[in-house]
Amino acid sequence: MRDHYDGLAADYDEHWVYGPEYIPWMSARIAEALELRPTDRIADIGSGTGLFAREVARQLRPRRPVLCVDPSEAMLRGLGTPPPPTLTPVVASAEDIAEGRTRLPYERLDAMWLKESVHHVADPAHTLRGLAGRLAPGGRLLVVMLPATIQYPLFAAALARFEELQPDPAVIQGHLRDAGLETRLDHVQHELRIDRDKYLGMVRARYMSLLSTFTDAEIQKGVEEMRAAHPEPVLVFPDRFAFVLGRRPEESA
């Protein structure tokens with residue numbers, strides 16, 4: 001999967017950003033759910049090119065840099081050379097952080113989020129428990145993920161494979177609860193409006209990791225299926241997310 005994102009890195013922001021309002025909207029929802037404060041020690045686990053960390057930092061103006069944690073150095077180069085003073089790149093996976101294999105600038109974290117990356121984790125229960133252990137008392141861990149089914153205008157085989165691969169948010173909530181966190185599960189929704197040809201280009205570029213499981217021929221067949229099913233020039237569809245929040249009790253050591 002790292003090779004998939006290394007290959008996407010140079011054009012990732014172009015392919016991934018649906019429209020100008022999407023990143024500010026999602027970043028504000030993340031900051032709101034985590035109740036972020038400028039004094040918090042914050043990490044974006046699986047940050048990619050820092051799309052959301054950069055916007056959160058712009059909105060929040062944190063006193064310490066937001067840690068952008070990602071196993072792909074190519075993706076982290078998207079932060080800039082050098083990165084802005086509000087962001088610190090950390091080349092590591094979620095598992096590296098959970099297991100303590102990578103030393104962070106902050107011994108404990110007040111807030112961290114994983115946006116659409118938990119499905120890449122081989123053992124979510126174990127990894128989320130390790131990440132929960134990195135939280136300070138009162139610290140918050142937010143898993144942002146798609147629900148078990150989506151209403152994207154993808155081709156049928158892609159939608160079916162998504163349902164095969166996507167974890168259930170309720171199961172993720174259970175993992176956080178088992179890790180000793182107080183949990184809640186909410187949903188947020190944003191209407192996407194995107195030029196059809198741009199979206200077809202995103203699919204060809206395999207902007208979603210599940211698309212990397214299809215061959216070039218299968219992708220082309222899928223694009224043709226989508227083109228026939230959606231003759232309209234602008235695609236309009238709901239982007240619904242599960243926000244799974246865990247909070248470490250204040251009295252924890």
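The chain folds into 11 helices and seven strands, and keep in mind that this is a predicted model. As for confidence, the mean pLDDT is 91, with 92% of the residues reaching 70 or more. The part to treat with care is residues 1-10, where pLDDT stays under 50. The model does give that stretch 22 contacts beyond four places in sequence, but where pLDDT is low, the predicted coordinates should not be read in detail.

How about overall shape? For 253 residues, a compact globule would have a radius of gyration near 18 Å, and the chain agrees because its own value is 18 Å. Laid along its principal axes, the C-alpha trace spans about 60 × 40 × 30 Å. Take the contacts between residues at least 6 apart in sequence: 76% of them join residues at least 24 apart.

Here are a few whole-chain percentages side by side.

| Share of the chain | Value |
|---|---|
| Residues that count as buried | 53% of 253 residues |
| Carbon and sulfur part of the accessible surface | 49% of about 11,600 Å² |

On the charge side, there are 30 positive and 37 negative charges, and their mean positions sit 5 Å apart.

Now let's zoom in on one residue, I23. You'll find I23 in helix α3, which covers residues 22-34. Is I23 buried or exposed? I23 has a relative accessibility of 10%, so it counts as buried; the cut-off for that is under 20%. Further along the chain, V56 is 33 residues away from I23 in sequence, yet the C-alpha atoms of the two are separated by 9.4 Å.

Terms used:
Residues numbered from 1 in each chain as written. Predicted model: local features only at pLDDT ≥ 70, side-chain atom pairs only at ≥ 80, totals over all residues. Heavy atoms only, no water. Helix = DSSP H or I, 4+ residues; strand = E, 2+ residues; numbered from the N terminus. Rg over C-alpha atoms; globule rule 2.2 N^0.38 Å. Buried < 20%, exposed > 50% of the residue type's maximum accessible area, 1.4 Å probe, protein only. Contact = heavy atoms within 4.5 Å. Areas by Shrake-Rupley, 256 points an atom, 1.4 Å probe, with all protein chains shown as cover. Lys, Arg positive; Asp, Glu negative; His and termini not counted. Charge placed at Lys NZ, Arg CZ, Asp CG, Glu CD. pLDDT = per-residue confidence, 0-100.
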